[in-house]
Amino acid sequence: MTAMNETRNLIVPKEAAKTRSRHGAPGRRVGWLHFVLVPLSVLWLVPIIMVIGLSMMPPNNPGTQFFGLFPEEFSIKNYLTIWAQNPILLHLLNSLLITVPSVLLVCLLGSMTAFALARLRVPLKALIFGILILALILPMSSIVVATFRILQSMQLYNNLLGLVLVYTALGLPFAVIIIRTSYLAIPLETYEAARLDGASAWQIFWRIYLPLGKPALAVVAVWQTMMSWNDFLLPLVTLGDNALKPLTLVPLAYRGMYLSQPGALFAILVLISIPVVLLFLFIQKYLVNGLSGAIK
């Protein structure tokens, strides 16, 4: 027995060494990964640094330095200018009134639909899921005219509620697919055990599946926020009153043939990006978990 154990102890390290040499050491793989990702991260940060730097360019001195990334002088006059020339708080409120209800509706309706497609007996379930996948392929520019006419017929043109309903409809296919994937990862035995204990389908959804689906909900919330907050085309087409326009339409006041106020344009772009960045930082942990679950 002692000889066999010694032989086994000699064989296992050799096999482990072969496996390690075949696949590479974990530390070495991580090192090469950082070697590739760090330059890519710096490359992705260049446009962000440029926008922030140029937003602090004084109107009377539009000169730049360091390959156009930074202005020759730094100033906050552009931020003061856009604050004085535009009702920023009103446009910010309009953006919130469009984004927040659409995110809540998409998360609630999408999670309910995902639960039904994942665990309940729904007629034509495969057909419904296939239609949702096809809806993701449809570009937004192809439905602008139809959306405009539908909102006019429903008397929702030049109305924030109309935009909320449109963004909710556009965000539901992605939400259902992502949340359904996370619900399918929950063991079926959990649903069956809750059923045996006398819980209804609504109780199982509200007390078990919805809390366990928080990572997927975080992914949907970030996606829907970006789509509703950053969209430019639909508000431009469906909102004619300046008092109802969201923050994304403010840059229109600073565009022109010669772009006489580039610093103010970059300043308003920075203000538009701040809420989405803060939301990402706040739910970053849930977002990563939700994306990993969706990929699995």
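Where in α7 does a kink of about 35° lie? The bend is at L172, shortly before the proline P173. Keep in mind that this is a predicted model. The protein chain has 13 helices and 2 strands, and here is a quick tour of a few spots worth a look.

**The chain overall**
- Of its 296 residues, 34% count as buried.
- If you take the contacts with a separation of 6 or more, residues 24 or more positions apart account for 70% of them.

**Helix α7**
- This helix runs over residues 160–184, which makes 25 residues.
- At 1.5 Å a residue α7 should span 36 Å, and its end C-alpha atoms sit 35 Å apart, so the two values agree.
- Because 18 of its 25 residues are buried, α7 is largely enclosed by the rest of the structure.
- Look at the start of α7 too: a side-chain oxygen of N159 comes to within 2.9 Å of the backbone nitrogen of L161.

- As a bit of background, nonpolar side chains tend to be buried together in soluble globular proteins.
- The largest nonpolar core here holds 25 residues, and the members touching the most others are F115, I179, Y183, I204, Y209 and V220.
- Two or more residues come from each of α4 (88–119), α7, α8 (188–196), α9 (201–212) and α10 (214–230).
- Helix α4 gives the most to this core, with 6 residues.
- Zooming in on F115, and skipping its neighbours within four places in sequence, you'll find contacts with L120, Y183, Y191, A201, I204, F205 and Y209.
- There is also a second, separate core of 12 residues, with W229, A264, A267 and V276 among them.

**Around S75**
- S75 sits in the loop between β2 (70–71) and α3 (77–85).
- Is S75 buried or exposed? Its relative accessibility is 13%, and the cut-off for buried is under 20%, so S75 counts as buried.
- A polar atom of the S75 side chain lies 3.1 Å from the backbone nitrogen of K77.
- Not counting residues up to four places away in sequence, S75 touches S55, M56, M57 and P58.

Note on methods. Residues are numbered from 1 along each chain as its sequence is written. This is a predicted model: local features need pLDDT of at least 70, side-chain atom pairs count only at pLDDT 80 or more; totals for chains, interfaces and linings use all residues. Side-chain values use heavy atoms; hydrogens and water are left out. Helices (H or I, at least four residues) and strands (E, at least two) are DSSP runs, numbered from the N terminus. Buried means under 20% relative accessible area, exposed over 50%, partly exposed in between (1.4 Å probe, protein chains only). A polar contact is a pair of N or O atoms within 3.5 Å; within protein, one must be able to donate a hydrogen and the other to accept it, and residues adjacent in sequence count only if both atoms are side-chain atoms. Contact means heavy atoms within 4.5 Å. The expected span of a helix is 1.5 Å times one less than its number of residues. The bend at a residue is the angle between axes fitted to the seven residues ending there and the seven starting there. A nonpolar core is a set of buried Ala, Val, Leu, Ile, Met, Phe, Trp, Tyr and Cys residues joined through side-chain atoms within 4.5 Å.
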